[in-house]
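Student: I have a structure open and would like to go through some of its residues with you. Could we begin with one in a helix?

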Amino acid sequence: MTDRKTEKPGAEFNDRMLVQLARDQRERSYAKYSDFTVGASVVGESGKAYFGCNIENASYPVGICAERTAVATAIAHGERKITSLALAGGKRDELPDSKIRPCGMCLQFLSEFMDPDAVILIADGDSGFESFTLSELFPHAFNLKANERDDDND
Ligand code: THU
């Protein structure tokens, strides 16, 4: 387990707590079709934590991932910056699988609200976790500026 300490002094949630909150949130997953339950927790710049789980749908592509549910909840509560995210997912009733990563759509969604060096924690087994930065998982986010790079008027 990488033990990257990026928490601000005095922050209410440390990495281990945030991962535990994501693990707990798996209980709320609505994964009727895949039986793959995912929980996510995020911390906003206010220092408050918000939660999400995957929510599936009979029309499969309509379902939403845990990461986007958590970030959407934070934004709807007035946050505009997410400083860290923890993710716990795996087959229902099994321990979290450390090999899961946020999907491409979630990474693009996260890049709107997280800085490249913001931390993403992935739960591993019964109590561990791995730590990444957003830029490690998603080095080349789409943004309108990059799209305009070839223009001379930026
Ligand atoms: N899922 C997430 O919630 N987050 C991820 O990072 C990967 C996948 C969900 C989507 C779907 O409900 C289930 O896991 C299986 O793909």
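Tutor: Val71 lies in helix α2; helices (H or I, at least four residues) and strands (E, at least two) are DSSP runs, numbered from the N terminus. This is a predicted model, in which local features need pLDDT of at least 70, side-chain atom pairs count only at pLDDT 80 or more, and totals for chains, interfaces and linings use all residues. Residues are numbered from 1 along each chain as its sequence is written, and side-chain values use heavy atoms, with hydrogens and water left out.

Student: Is Val71 buried or exposed?

Tutor: Val71 is buried, as its relative accessible area is 1%. Buried means under 20% relative accessible area, exposed over 50%, and partly exposed in between (1.4 Å probe, protein chains only).

Student: Which residues is Val71 in contact with, leaving aside its neighbours within four places in sequence?

Tutor: They are Val42, Ile82, Leu85, Phe109, Leu110 and Phe113, where contact means heavy atoms within 4.5 Å. Val71 and Phe113 are 42 residues apart in sequence, with 8.4 Å between their C-alpha atoms.

Student: A change of topic: where does Arg26 lie?

Tutor: Arg26 lies in the loop between α1 (15-25) and β1 (36-44). Arg26 is buried yet has no salt bridge, that is, a side-chain nitrogen of Lys or Arg within 4 Å of a carboxyl oxygen of Asp or Glu.

Student: What is the nearest side chain of opposite charge to Arg26, then?

Tutor: That side chain belongs to Glu94, 7.1 Å away; Lys and Arg count as positive and Asp and Glu as negative, while His and the chain ends are not counted. The backbone oxygen of Glu94, however, lies 2.9 Å from a polar atom of the Arg26 side chain.

Student: Now the backbone. What is the phi of Asp35?

Tutor: Asp35 is not a glycine, yet has a positive phi of about 60 degrees. Most residues other than glycine have a negative phi. Asp35 is in the loop between α1 and β1 and is partly exposed, with a relative accessible area of 34%.

Student: And what is phi near in Asp93?

Tutor: Phi of Asp93 is near 70 degrees, again a positive value in a residue other than glycine. Asp93 is in the loop between β3 (82-91) and α3 (104-111). Asp93 is exposed, with a relative accessible area of 78%.

Terms used:
Polar contact = N/O pair within 3.5 Å; in protein donor to acceptor, adjacent residues only side chain to side chain.
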